[in-house]
Amino acid sequence: MGREHIFSAQAQVPTETDISQRHKFVCIIVTVDIDSGEIIDCHVPMYCDIQNTFVKKILAGKSLSDDKEVIIRDIDERMHTPSKRALISAVQGVYNHFILTRKMIMSGHKRMSVQQTGA
């Protein structure tokens with residue numbers, strides 16, 4: 001099985017903000033080394049380039065296994081945007097998916113494969 005896995009999670013943005021007029025959810029997508037938990041890359045589709053670069057600086061190179069609290073603290077202390085709480089919730093969702101997947105892989109369980117049919 002490959003070492004790199006991709007995870008995503010979303011959380012609802014506050015309804016009383018102008019951003020909620022265009023986006024109901026903030027979604028984060030991360031590529032993670034499943035063995036170490038290291039975040040290799042990340043993207044938040046609703047964010048502009050400057051916000052994505054900022055979020056990537058906070059997350060890239062950190063480990064979901066060891067640095068979740070550091071990541072959340074950095075987002076909380078360094079981001080001053082209406083969607084910050086939703087982003088923190090989405091990061092928590094990614095962490096939860098990562099932990100469950102990693103446990104499954106380490107215990108030898110396999111995910112259900114998608115069956116391909118020939119035409």
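Modeller: Start with terms. Buried means under 20% relative accessible area, exposed means over 50%, and partly exposed lies in between, with a 1.4 Å probe and protein chains only. Helices (H or I, at least four residues) and strands (E, at least two) are DSSP runs, numbered from the N terminus. The model is predicted: local features need pLDDT of at least 70, side-chain atom pairs count only at pLDDT 80 or more, and totals for chains, interfaces and linings use all residues. Residues are numbered from 1 along each chain as its sequence is written, and side-chain values use heavy atoms, with hydrogens and water left out.

Confidence next. pLDDT is the predictor's confidence in each residue, from 0 to 100. The chain has a mean pLDDT of 87, and 82% of its residues reach 70 or more.

After H1 comes Gly61, with a positive phi near 90°.

Strand S1 (residues 4-12) runs antiparallel to S2, and nine bridges join them. Two strands pair if DSSP finds at least two bridges between them. Gln10 stands opposite Cys27 in S2. The covered face of S1 holds His5, Phe7, Ala9 and Ala11. Its uncovered face holds Glu4, Ile6, Ser8, Gln10 and Gln12. In a regular strand the side chains alternate between the two faces of the sheet.

Now H3. Lys84 sits in this helix and is buried, at 15% relative accessible area. Leaving aside neighbours within four places in sequence, Lys84 contacts Ile75, Asp76 and Met79. Arg102 is also found in H3. Arg102 is buried but has no salt bridge, meaning a side-chain nitrogen of Lys or Arg within 4 Å of a carboxyl oxygen of Asp or Glu. The nearest side chain of opposite charge to Arg102 is Asp35, 6.3 Å away. Lys and Arg count as positive, Asp and Glu as negative; His and the chain ends are not counted.

Terms used. Contact means heavy atoms within 4.5 Å.
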